[in-house]
Amino acid sequence: NMRILLASRPTAAPKPADFTLDRAAIPEPSEGQVLLKILYLSLDPYMRGRMSAAKSYAAPVEIGAVMEGGTVARVERSLHASFKEGDTVLSHSGWQSYAVANGSDLRKLDPAVAPISTALGVLGMPGFTAWAGLQNIGRPKAEETVVVAAASGAVGSVVGQIARLRGARAVGIAGGREKCAFLLEDLGFDAAIDHRGPDFADQLARACPKGIDVYFENVGGRVWDAVFPLLNTFARIPVCGLIAQYNATPGDTGGADRLDGTMRSVLTKSLSIRGFIQREFASQRDQFYEEASDWIAKGKLRYREDIVDGLENAPTAFIGLLEGRNFGKLLIRVAKE
Ligand code: NDP
């Protein structure tokens with residue numbers, strides 16, 4: 001069983017040496033358990049938080065423990081009444097090639113409905129995050145302008161497309177020409193702006209002639225600096241992620257103090273800024289699944305996956321995710337389907 005363990009807690013950007021590749025015996029399932037062979041591992045920005053001991057909404061991974069993560073797996077052996085050999089399931093088995101599970105946290109997947117990898121992306125946690133943040137906090141109305149950053153990624157790509165399905169205008173912010181072209185040509189965004197461009201703030205202003213009504217925050221930092229002067233009165237800001245600061249050391253703001261400016265616009269523009277962790281809305285998951293599956297079947301919701309082969313490549317791929325090197329939902333193919 002190949003496993004990737006947390007070797008040390010990074011202080012800034014994670015390095016390959018913060019992970020250890022380890023080999024152990026394939027675990028034996030007991031009565032009531034299944035043995036899972038992992039096919040896909042999801043790599044997500046929240047894992048950077050799990051590497052740190054700083055207080056957060058979830059407990060950190062311990063040093064020497066297997067890195068945590070969502071997985072799609074095949075049941076290899078079953079000593080559980082509800083699962084049989086060959087079933088495909090969504091599990092939370094972490095960065096390893098085999099795992100045992102007791103069934104309580106497994107969801108059976110039907111490969112006939114959608115490719116099984118989508119259970120980690122567009123039809124999984126990231127897709128639900130986009131849907132729930134817009135549905136409950138952003139609440140875009142027809143003709144409004146919705147801006148989303150990290151727009152070509154797992155969450156942002158769904159945010160922009162749902163905004164359009166709700167009749168709003170979608171403006172995406174992404175890193176580089178290729179990602180921007182993808183937003184316009186493949187996903188149907190109304191505008192796409194490169195946050196690495198020298199005139200980024202001016203371009204964003206030109207792309208939002210009527211201001212911004214909903215800003216779905218995935219990034220923070222310099223992107224927020226460009227967005228907040230454009231916000232309209234009563235704008236809604238679901239705060240979903242702040243990836244630009246995940247590798248920062250505590251207290252490091254890159255020299256900028258954003259608090260006074262931000263608070264002033266909260267007051268003068270009557271902004272609603274509301275953070276959320278997707279599982280708060282868990283009771284709405286079935287509703288999301290139904291609506292998103294239908295959109296996918298009708299070709300109204302598209303997705304892009306960035307699949308890296310081999311569990312041993314997970315650390316490098318994860319480090320790249322925090323630098324924008326992925327293009328689409330980042331997955332590791334741990335074993336062939
Ligand atoms: P993505 O697939 O969007 O991948 C991350 C992307 O973030 C990169 O490709 C890069 O895109 C962008 N990025 C990375 N570093 C920076 C930076 N310094 N400045 C600007 N952009 C950067 O990831 P996800 O869709 O999985 O996650 C997007 C956000 O949603 C994250 O902040 C994540 O933490 C959050 N999230 C929150 C959840 C919740 O419950 N609140 C649940 C799931 C995700 P580019 O090249 O375009 O810059």
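Two residues are in contact if their C-beta atoms, placed from the backbone, lie within 7 Å. With that in hand, here is a tour of this predicted model.

**View 1. Ala-119 and the residues it touches.** Setting aside residues up to four places away in sequence, Ala-119 makes contact with Val-72, Leu-90, Leu-109 and Gly-124. You will find Ala-119 in a loop, the one that runs between strand 7 (107-108) and helix 2 (125-138). Is Ala-119 buried or exposed? A residue is buried if 20 or more other C-beta atoms lie within 10 Å of its own, and Ala-119 has 26 of them, so Ala-119 is buried. For a sense of distance, look across to Ala-151: 32 residues separate Ala-119 from Ala-151 along the chain, and their C-alpha atoms are 19 Å apart.

**View 2. The whole protein chain.** Step back, and the protein chain shows nine helices and 15 strands. Its radius of gyration is 20 Å, close to the 20 Å that the globule rule gives for 337 residues, so the chain is as compact as a globular protein of that length. Along its principal axes, the C-alpha trace spans about 60 × 45 × 35 Å. Of the 337 residues, 42% count as buried. Among contacts between residues at least 6 apart in sequence, 65% join residues at least 24 apart.

**View 3. Where domain 1 meets domain 2.** The domain assignment gives domain 1 as 2-121 + 305-333 and domain 2 as 125-279. Taken over C-alpha atoms, the centres of domain 1 and domain 2 are separated by 28 Å. How many residues of domain 1 are in contact with domain 2? There are 13, and they meet 13 residues of domain 2. On the side of domain 1 that touches domain 2, six residues are nonpolar, five are polar and two are charged.

**View 4. The shell around the ligand.** Here 31 residues surround the ligand, and the closest are Gly-153, Val-155, Gly-175, Gly-241 and Gly-324. By type, the shell holds 16 nonpolar, 11 polar and four charged residues. Why does the ligand lie between domain 1 and domain 2? Both domains give residues to the shell around the ligand, so the ligand lies between them.

**View 5. The two sides of helix 4.** Helix 4 (residues 177-185) has the buried residues Lys-179, Cys-180, Phe-182 and Leu-183. Seen down the helix axis, these buried residues fall within an arc of 155°, so they line one face of helix 4. The face turned away from this buried side carries the exposed residues Arg-177, Glu-178 and Glu-185. What covers the buried residues of helix 4? The cover includes helix 3 (156-165), strand 9 (169-174) and strand 10 (191-194).

View 6. Most residues other than glycine have a negative phi. Ala-150 is not a glycine, yet its phi is positive, at about 50°. This residue is found in the loop between strand 8 (145-149) and helix 3. With 28 other C-beta atoms within 10 Å, Ala-150 is buried. Phe-234 is not a glycine either, and its phi is positive too, at about 70°. Its place is in strand 12 (residues 231-239). Phe-234 has 10 C-beta neighbours inside 10 Å, so Phe-234 counts as exposed.

Note on methods. Residues are numbered from 1 along each chain as its sequence is written. This is a predicted model: local features need pLDDT of at least 70, side-chain atom pairs count only at pLDDT 80 or more; totals for chains, interfaces and linings use all residues. Domain bounds come from an automatic or database domain assignment. Ala, Val, Leu, Ile, Met, Phe, Trp, Tyr, Cys and Pro count as nonpolar, Asp, Glu, Lys and Arg as charged, and the others, Gly among them, as polar. Helices (H or I, at least four residues) and strands (E, at least two) are DSSP runs, numbered from the N terminus. A residue is buried if 20 or more other C-beta atoms lie within 10 Å of its own, exposed if 12 or fewer, and partly exposed in between; C-beta atoms are placed from the backbone. A residue is near a molecule or strand if its C-beta atom, placed from the backbone, lies within 6 Å of it. The radius of gyration is taken over C-alpha atoms; the globule rule is 2.2 Å times the number of residues to the power 0.38. The arc is that of the directions from the helix axis to the C-beta atoms.
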